[in-house]
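Here are a few notes to read alongside the model. Keep the structure open and look up each residue as you go.

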Amino acid sequence: MARLYDNRKRILVAGGAGFLGSHLCDRLLDQGHEVLCVDNLFTGAKRNLNHLHANPRFEFLRHDVCFPLYVEVDEIYNLACPASPIHYQHDPVQTTKTSVHGAINLLGLAKRLKVKILQASTSEVYGNPTEHPQTESYWGNVNPIGARSCYDEGKRCAETLFFDYHRQHGLAIKVARIFNTYGPRMHPADGRVVSNFIMQALRGEAITLYGDGSQTRSFCYVDDLITGLVSLMETGPEVTGPINIGNPAEFTIRELAELCREKTGSESELVHRPLPQDDPRQRRPDISLAKTVLDWSPEVALSDGLDRTIDYFKKLMAAARH
Ligand SMILES: NC(=O)c1ccc[n+]([C@@H]2O[C@H](COP(=O)([O-])OP(=O)(O)OC[C@H]3O[C@@H](n4cnc5c(N)ncnc54)[C@H](O)[C@@H]3O)[C@@H](O)[C@H]2O)c1
């Protein structure tokens, strides 16, 4: 859609009240764009957007992406989907619907408006991988009927839809495969490993490690991730992805737990619980493609990112006490 002034665009962020979405809204507003944030507030929170309501370039619309949306925008980011197992397993049918119907509705909108659309896909499309690290050409090892399948298969189907809209309708698509990301505005009760460990350490509760804690994960700080998403959106039509965006530095879950305990000054003990079904042993992105195509690589070290995240959770706990 042609705009009459500068490079300012009107950008739709579906899932914009969530952890990543709210940081994306911040970044796009900082760049001078207008942002239309669409969210049904299932896992997102109004507090993530409180600081934006006074901004005349920001608009919030409460809407479920499972239903069609008629708005006029220049670009679309689709982040709408619960991302943590606790949340996406709460109503698995709704999770699949959000991924699949949400993708269809937003792709339909992008097709009508002839605008670029970016999908926040996930490393979960690789399932319990048999290749390490995972490159984009790896097709994955996903259980189609397990407790995590609503999320994994929903996201895989969304990718399929994106590529079919691209092939069939010539739509300009961007698919980012996001690996574990953490930072301020994560939901404190989302059960994800970073928020879990920090909250347990801050409350002086036992820190729960699933399995023996030797499984590894990589953790990307939210600011790095947002830079990656925005860089991907800025690429020309020849770049579709999928492109891995994450931090390849690998840590065992035990190392993370010990770091969280040390940084919070907590005396919490580490306790072990059985591994959940389909929990991958190892997960690490190969980001060669992002480095080459986007000239992107993460810059924030885990230690610094954890400090900022711990600070956020401390403030959240203090606010809840007043
Ligand atoms: N955070 C990560 O580590 C990570 C990793 C891989 C992929 N992703 C993807 O990035 C996106 C954002 O993740 P997040 O960590 O910010 O999660 P989040 O749960 O904080 O954000 C998701 C947002 O989508 C909204 N939403 C859910 N269903 C919706 C619906 N039907 N209609 C409208 N809005 C809806 C929620 O209310 C929430 O605000 C998700 O698509 C997720 O799958 C995140």
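1. Phe219 touches Asn180, Tyr182, Val193, Val194, Asn247, Ala249, Phe251, Ile253, Leu256 and Leu302, leaving out residues up to four places away in sequence; a contact here means heavy atoms within 4.5 Å. Phe219 sits in the loop between β9 (216–218) and β10 (220–221). Helices (H or I, at least four residues) and strands (E, at least two) are DSSP runs, numbered from the N terminus. Phe219 counts as buried because its relative accessibility is 4%. Buried means under 20% relative accessible area, exposed over 50%, and partly exposed in between (1.4 Å probe, protein chains only). The C-alpha atoms of Phe219 and Thr181 are 5.5 Å apart, although 38 residues separate the two along the chain.

2. A word on the source: this is a predicted model, where local features need pLDDT of at least 70 and side-chain atom pairs count only at pLDDT 80 or more, while totals for chains, interfaces and linings use all residues. Residues are numbered from 1 along each chain as its sequence is written, and side-chain values use heavy atoms, with hydrogens and water left out.

3. Now look at helix α5 (residues 193–203) and helix α7 (residues 253–264), which pack at an angle of about 40° with their axes 9 Å apart. The axes are lines fitted to C-alpha atoms over the stretch in contact, and angles run from 0 to 180 degrees between N-to-C directions. α5 and α7 are therefore oblique to each other; angles under 35 degrees count as roughly parallel, over 145 as roughly antiparallel, 65 to 115 as roughly perpendicular and the rest as oblique. On the α5 side, the contact is made by Val193, Val194, Phe197, Ile198, Ala201 and Leu202, and on the α7 side by Ile253, Leu256, Ala257, Cys260, Arg261 and Thr264.

4. Is Phe163 buried or exposed? Phe163 counts as buried, because its relative accessibility is 17%. Phe163 belongs to helix α4 (residues 149–169). Setting aside neighbours within four places in sequence, Phe163 is in contact with Ile173, Val175, Thr240, Gly241 and Pro242. The C-alpha atoms of Phe163 and Val175 are separated by 8.9 Å, and the two residues are twelve apart along the chain.

5. Finally, strand β6 (residues 173–178): six of its six residues are buried, so β6 is largely enclosed by the rest of the structure. Ile173, Val175 and Arg177 are buried on one side, and Lys174, Ala176 and Ile178 on the other.
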